[in-house]
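Subject: Structure handover

Hello,

Here is the structure for you to look at, with notes on what was found in it below.

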Amino acid sequence: MKRILSVIVALAVIVAIAVGLLNRSDSRAGTAPGIAGAPAGTDAVARGEYLAKAADCVACHTVPDSGKPFAGGVAFKLPFGTIYSSNITADPKDGIGAYSDDEFVRAVREGVRRDGRHLYPAFPYTSYTLLSRDDVLAIKAYLMTLPAVAQANRANDLGFPFNQRWAMAFWNAAFFKSQRFAPDASKSAQWNGGAYLATALGHCGECHTPRNAGYGIDRGEALSGEEFGGWRAYNITPDVKHGIGSWSDAAIAAYLTTGHAPEHATASGPMGEAVGHSLQFLKPDDANALVAYLRTVPAHDGKHPIDVDDRPTSLTASTSVLPGKDELQSENEGLKLFEGACAGCHQWNGQGRQTPYASLEGTRSVNDLSATNVTQVILRGSELRVGGTEVSMPAFGDAYSNTEVAALANYVVGHFGGKQGTVTPQEVAKRRTL
């Protein structure tokens, strides 16, 4: 018995040592490349405000319409349960007010709280690990100037074994590497700035890169698209057919900073939040740097490839006020629903009325057979605040049954994308819960 216990203890020690070695922290402070909106040597609080916006901190740490910025409590529904974001206001008890600089840097770049317990990677420390120490502390300096909110952090709703934070050490050993951003000397200053914005601050890959079986990022398919929180984050690699390779630089920059690229896309859902809270505030030089970087990442088809037909027959046969003759004679339920609630803004030819954001022509969402984002917008509506202007679409989730939502979504895909949608009432019911 003693021998068995000795073996168990020895194995436990070996495992602990191995995990410790694999979780070693990169002790370097790191040096960030030039960022137009946050030049080195300027006021730390001003730099931190710009960096916090570039990192989109407010979207994940603020419950909409709560009046409590950065107080946490935003729900992230994942395959293994729900995680709630943390309070990162200056409150010393519930927030980060009592964190030392070293403790804050460790939390952001290593995913380890002040009490030594691991954070879950819903907080993107797997990307923030690339940040320089100066940039992390600039963000802290900014957060500490904001009102402290005494709001306790909500407990996560995770079942066993996912509720065991200590197990995150093993997940980190498999899927996380502590490292600082390394500038590429063979690339331009603009490219390096864009790479830092995309991979570290903006953490684009957290939504746009497929996850593996362990829910780690599949870096071999970087930015090729993934479904996250019930929304599809599209392929943003330079693939001409399935990514953004056919978009002009101006179109990509416009989409990032305004949420709309004519004949390509209008941002909604999480991407709409990213534009509204973060990307629209990028300086033009930084937006252009981000575009320059995206142009150079490896092109991929992605696991959800979407073939865009921007001029299907049903669309070209339509005018702004009427669908084509064949459709007029149809008894399609989806057509009737679109006629009653959607045509007034989107128009039958997809060009949109009153605002270009209502345009559906040539967008990937209406060419997606699963109509993932179309369904979500029908159910939840869409809201985008850009440049002091609010663009919105009402939600129809309470007005329409699952059968009606499925019929409408499939009609939109058929009319504007020329494809047969695959949405079922059962799938709509599932998406209502996401």
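Asn87 touches Phe70, Ala71, Gly72, Asp94, Gly95, Ile96, Val149, Gln151 and Asn153, leaving out residues up to four places away in sequence; contact means heavy atoms within 4.5 Å. The side chain of Asn87 also reaches the backbone oxygen of Val149, at 2.9 Å. With a relative accessible area of 3%, Asn87 is buried (buried is under 20% relative accessible area, exposed over 50%, partly exposed in between, with a 1.4 Å probe and protein chains only). Asn87 sits in the loop between strand E2 and helix H4 (101–110); helices (H or I, at least four residues) and strands (E, at least two) are DSSP runs, numbered from the N terminus.

A word on the basis: this is a predicted model, in which local features need pLDDT of at least 70 and side-chain atom pairs count only at pLDDT 80 or more, while totals for chains, interfaces and linings use all residues. Residues are numbered from 1 along each chain as its sequence is written, and side-chain values use heavy atoms, with hydrogens and water left out.

Next, the sheet. Three strands form an open sheet in the order E1-E2-E3, with antiparallel pairing. Strand E1 (75–78) and strand E3 (157–158) are at the edges with a single partner strand each, so one side of each has no neighbour in the sheet. Two strands pair if DSSP finds at least two bridges between them. E1 and E2 (residues 81–84) are paired over four bridges in the antiparallel sense, and they form a hairpin with two residues between them. Within that pair, Ala75 is opposite Tyr84 and Leu78 is opposite Gly81. E2 and E3 pair over two bridges, also antiparallel, and Thr82 has Asp157 as its bridge partner in E3. Both faces of E2 are covered, with Gly81 and Ile83 buried on one side and Thr82 and Tyr84 buried on the other.

Then helix H15 (residues 333–341). Which of its residues are buried? They are Gly334, Leu335, Leu337 and Phe338. Seen down the axis of H15, these buried residues fall within an arc of 165°, so they line one face of the helix; the arc is that of the directions from the helix axis to the C-beta atoms. An α-helix has 3.6 residues a turn, so residues three or four places apart point the same way. The buried residues of H15 pack against helix H14 (325–328), helix H16 (343–346) and helix H18 (402–417). At the start of H15, a side-chain oxygen of Asn332 comes to within 2.7 Å of the backbone nitrogen of Gly334.

Last, Thr296, which is in the loop between helix H12 (284–294) and helix H13 (313–316). Thr296 counts as partly exposed because its relative accessibility is 39%. Leaving out residues up to four places away in sequence, Thr296 touches Trp191 and Pro238. Its side chain makes a polar contact with the side chain of Trp191, at 2.7 Å (a polar contact is a pair of N or O atoms within 3.5 Å; within protein, one must be able to donate a hydrogen and the other to accept it, and residues adjacent in sequence count only if both atoms are side-chain atoms). A polar atom of the Thr296 side chain also lies 2.8 Å from the backbone oxygen of Tyr293.

Regards
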